[in-house]
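My notes follow in the order I looked things up.

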Amino acid sequence: MVLRPPVEPMLAQARETVPAPGALPGELRFQPKFDGYRAIVFTPWPAPGPLLIQSRRGSLMQSRFPDLVAAAAHLPDGLVLDGELVVWAKGQMSFEALQRRAVFGSRAAARLAGEMPAHFIAFDVLQLDGQELLHVPYGERRAHLEELFTDCGLGAPWTLCPETTDPATSGEWLTSWTQVPGVEGLVIRGSGQRYLPGARALYKVRRRDTTEAVVGAITGTVRRPQTLVLGRLDVEGVLRSVGRSTPLRPDAVRDLAERLTPAGPGHPWEGVRFTTSWGSRTPLDVVLVEPELVAEITVDTAQERGVWRHPVRFARFRRDVAVTDVPPFGAGAEPASG
């Protein structure tokens, strides 16, 4: 059977900690988790034909990435690669630049390709020489993938995803590599796993850090808050929104209800339109509160222009930290002093 789009990618389920040996079939294999777009690349079979780039949800997006299409000459026919699409801008990986590239076609796509080059980080091979490999254990697929990069002399924009079987090395990746923009954590596979389209049969562990932010608004009501809308002061002392929390635990709801004060006139977020999530256009109804409470939160590394793209987790209130002691807007996950 020759694979053709759409092919559902094999997915990962989130874990808080790295699993122990034996958690997946075969030996555990660790890879960095990159912050990009999941994509599957198809070269023609039989040739000639176009390079196809499929998104996680099955749409084709090769017209947005002419630089990858032009580089397809280095790939053999009948190949299907699973990986992560990332974009390089201003000397680092940028999710914002990737989003820009994903929405422009034709002439704009060609211009942006020169300004913000795309790279495809391959972490699995699903077909080789027109022969599908879904039933082949992952360890063998990885060996085929490494041979492909060696035999074809592949280089940028095609990148082989790093991999290790050493837990100590993976721990170093989780703590140090995630300090680089665009690296979020680890993906864990089992060397004995077949490729299961659509199944959450892999594991992912995101790096999470503890820091602080100011409670500037809530969803729900003052007496029964549901989530926190958080902010930080910018260099001019203006409170800027940095993210929204996951739903609050019942004990946090009770504690917060005793401490919230409805906002008076002059709240810095008066007239500000909030949305349900980062990048969404769906409006979010919020209740403004006096920005006087500091929340300790845990966050991942996915931050864009000072805003966390994923919901943060509320840990506790910091009664010992003043609003002015909270890390400033754009500072990342540095904890407050003291």
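I started with helix α3, residues 106-115. I found Ala108, Ala109, Leu112 and Ala113 buried there. I then checked where they sit around the axis. They cover an arc of only 140°, so they fall on the same side of α3. The spacing fits a general rule. An α-helix has 3.6 residues a turn, so residues three or four places apart point the same way.

Next I asked which exposed residues the opposite face of α3 carries. I found Arg107 and Gly114 on the face turned away from the buried side. I also looked up what the buried residues of α3 pack against. Their partners are α1 (66-70) and α2 (95-103).

I stepped back to the whole chain. The model is predicted, and I read everything here with that in mind. I noted six helices and 20 strands. The C-alpha trace spans about 70 × 50 × 30 Å along its principal axes. Of the 338 residues in the chain, 49% are buried. I also looked at contacts between residues at least 6 apart in sequence. Of these, 70% join residues at least 24 apart.

I picked out Ile188 and found its bridge partner in β11 to be Tyr203.

The largest pocket came next. I noted about 930 Å³ of space in it. Its lining counts 32 residues. Nearest its centre lie Gly36, Tyr37, Arg38, Arg56 and Glu84. I then sorted the lining by element. β1, β2, β3 (37-42), α2, β10 and β11 each supply at least two residues.

Last, I checked the backbone. As background, most residues other than glycine have a negative phi, and most peptide bonds are trans. I found a cis peptide bond joining Pro5 and Pro6, with omega about 5°. Pro6 is in the segment before β1. The bond from Ala156 to Pro157 is also cis, with omega near 10°. I placed Pro157 in the loop between α4 and β9 (158-160).

I also looked at positive phi values. Lys90, not a glycine, has phi near 55°. Lys90 is in the loop between β5 (80-89) and β6 (92-93). Is Lys90 buried or exposed? Its relative accessibility is 85%, so I count Lys90 as exposed. Arg305 is not a glycine either, and its phi is positive, about 50°. I located Arg305 in the loop between β18 (303-304) and β19 (307-308). Arg305 has a relative accessible area of 65% and is therefore exposed.

How values were computed: Residues are numbered from 1 along each chain as its sequence is written. This is a predicted model: local features need pLDDT of at least 70, side-chain atom pairs count only at pLDDT 80 or more; totals for chains, interfaces and linings use all residues. Side-chain values use heavy atoms; hydrogens and water are left out. Buried means under 20% relative accessible area, exposed over 50%, partly exposed in between (1.4 Å probe, protein chains only). Helices (H or I, at least four residues) and strands (E, at least two) are DSSP runs, numbered from the N terminus. The arc is that of the directions from the helix axis to the C-beta atoms. Contact means heavy atoms within 4.5 Å. Two strands pair if DSSP finds at least two bridges between them. On a 1 Å grid over the protein atoms alone, a cavity is a set of points where a 1.4 Å probe fits but cannot get out, and a pocket is an open set with protein on both sides within 12 Å along at least five of seven lines; lining residues have an atom within 4 Å of a point. Grid points are joined across faces, edges and corners, and a volume is the space filled by probe spheres set on the points.
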